[in-house]
Amino acid sequence: MLSIRFPPTCAPEGAVASPSTPCVRVCRIDGDGLCRGCLRTGDEIARWGRLDEHERRRLMDTELAGRARARYRFLDGLAERERIGRVLHPLRHPPQGEGWNRAELEGLLPAQAGIAEAAVLVGLVPRRDAGTQVLLTRRTDALRHHGGQVSFPGGRVERDDAGVLGAALRESHEEIALEDRQVAPLGYLDPFLTVSGFRVTPVVAAIDPDYVPRPHPDEVAEVFEVPFQFLMSAANLHQVEMEFAGRRRSVLEYDWPGQRIWGATAAILYNLRRRLEEGA
């Protein structure tokens, strides 16, 4: 299997701590008067800079944490929540860097100016009887990039998006009708480069098990779920050889009945598995 050293999830030693803030750059006041991203009221946002650090921490650990529990009650059913949360990059600090697989794609990528930013949503669905499931889609055959392939909901980061988190949420709504209140972002995995010229930032999130997918017919042919434990087992992932641009290269692939889960999607899941192994 690939031997890769992933970048750290925490700030480097000696870094200067910034004032505490719950802002994740998805700034929009919902109908209940709370910001979609941080769950603060408009008044709390306005006076945040005048609060001392103790008061900021108190509000984050009590008021905002309570609002999160009330809004995303389905999070209580995600058994892996704390374990996964410890190994992700925090929502307040999207990961930087070219991509953990940059060396493997040497000579296959467009010039740096041709690399486009993209984001995907790695959705974890807590099922009471079946355990945690990973939500995946199969793209329609007619799409320009990766048509017919299994993928996570997501796509290119547009100018009006609130960063990679905003792009992942927007694309998930457009592709499979996932509503904001049905998804609770947890953090980021490491960026991944694709041979099609995208730097993809995966957003890991919990999804309300009551969510019913409505795939956009022009983009998504099918929505399905695979058990999280199956995808986190090294025994179910292997490398296959393929040719691209006249070169032989190895890609990752899962043995899953009826679907070929491979390439970038398999690599992102591998990144999560390795993060969990290293953080155990």
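Me: Which residue stands opposite valine 204 in S7?
Reply: Glycine 187 stands opposite valine 204 there. Strands here are DSSP runs of E with at least two residues, helices are runs of H or I with at least four, and both are numbered from the N terminus.

Me: Before we go on, what sort of model is this?
Reply: It's a predicted model: local features need pLDDT of at least 70, side-chain atom pairs count only at pLDDT 80 or more, and totals for chains, interfaces and linings use all residues. Residues are numbered from 1 along each chain as its sequence is written, and side-chain values use heavy atoms, leaving out hydrogens and water.

Me: OK, back to S7. How many bridges join S5 to S7, and do they run parallel or antiparallel?
Reply: Five bridges, running antiparallel. For two strands to pair, DSSP has to find at least two bridges between them.

Me: And how does S1 pair with S7?
Reply: In the parallel sense, over nine bridges, with S1 covering residues 116–127. Valine 122 has valine 204 as its bridge partner in S7.

Me: What about S6?
Reply: S6 (residues 192–193) pairs with S7 in the antiparallel sense over two bridges. Leucine 193 has arginine 199 as its bridge partner in S7. The two strands form a hairpin with four residues between them, and glycine 197 in the turn has a positive phi of about 95°.

Me: Why is S7 described as largely enclosed?
Reply: Because 10 of the 10 residues of S7 (residues 198–207) are buried, the strand is largely enclosed by the rest of the structure. Buried means under 20% relative accessible area, exposed means over 50%, and partly exposed is in between, using a 1.4 Å probe and protein chains only. Both faces are covered: Phe198, Val200, Pro202, Val204 and Ala206 are buried on one side, and Arg199, Thr201, Val203, Ala205 and Ile207 on the other.

Me: Changing topic: how many salt bridges does the count come to?
Reply: 22, where a salt bridge is a side-chain nitrogen of Lys or Arg within 4 Å of a carboxyl oxygen of Asp or Glu.

Me: Which residue does arginine 36 form one with?
Reply: Aspartate 180, with the closest N and O atoms 3.4 Å apart. Arginine 36 sits in the segment before helix H1 (42–47) and aspartate 180 in the loop between helix H4 (163–176) and strand S5 (183–188), so the pair ties together parts that are 144 residues apart in sequence.

Me: Is arginine 36 buried or exposed?
Reply: Buried, at 4% relative accessibility.

Me: Where do glutamate 55 and arginine 58 lie?
Reply: Both are in helix H2 (residues 53–71), three residues apart, about one turn of the helix. Glutamate 55 forms a salt bridge with arginine 58, the closest N and O atoms being 2.9 Å apart. Glutamate 55 is partly exposed at 23%, and arginine 58 is partly exposed at 35%.

Me: What about glutamate 277 and arginine 273?
Reply: Their side chains meet in a salt bridge, 2.9 Å from N to O. These two are four residues apart in helix H6 (residues 263–279), so about one helical turn separates them. Glutamate 277 is partly exposed at 43%, while arginine 273 is buried at 7%.

Me: Which residues do salt bridges with shared partners join into one network?
Reply: Arg28, Asp30, Asp32, Arg36, Arg71, Asp180 and Arg181.

Me: Tell me about arginine 71 then. Where is it found?
Reply: In helix H2, and it is buried with a relative accessible area of 11%. It touches Asp30, Asp32, Leu34, Cys35, Arg36, Leu39 and Arg181, not counting residues up to four places away in sequence; contact means heavy atoms within 4.5 Å.

Me: What joins the side chains of arginine 71 and aspartate 30?
Reply: A polar contact of 3.5 Å. That term means a pair of N or O atoms within 3.5 Å; within protein, one must be able to donate a hydrogen and the other to accept it, and residues adjacent in sequence count only if both atoms are side-chain atoms.

Me: Last one: where does alanine 177 lie?
Reply: In the loop between H4 and S5, where alanine 177 is buried at 10% relative accessibility. Alanine 177 and arginine 214 are 37 residues apart in sequence and 5.5 Å apart in space, C-alpha to C-alpha.
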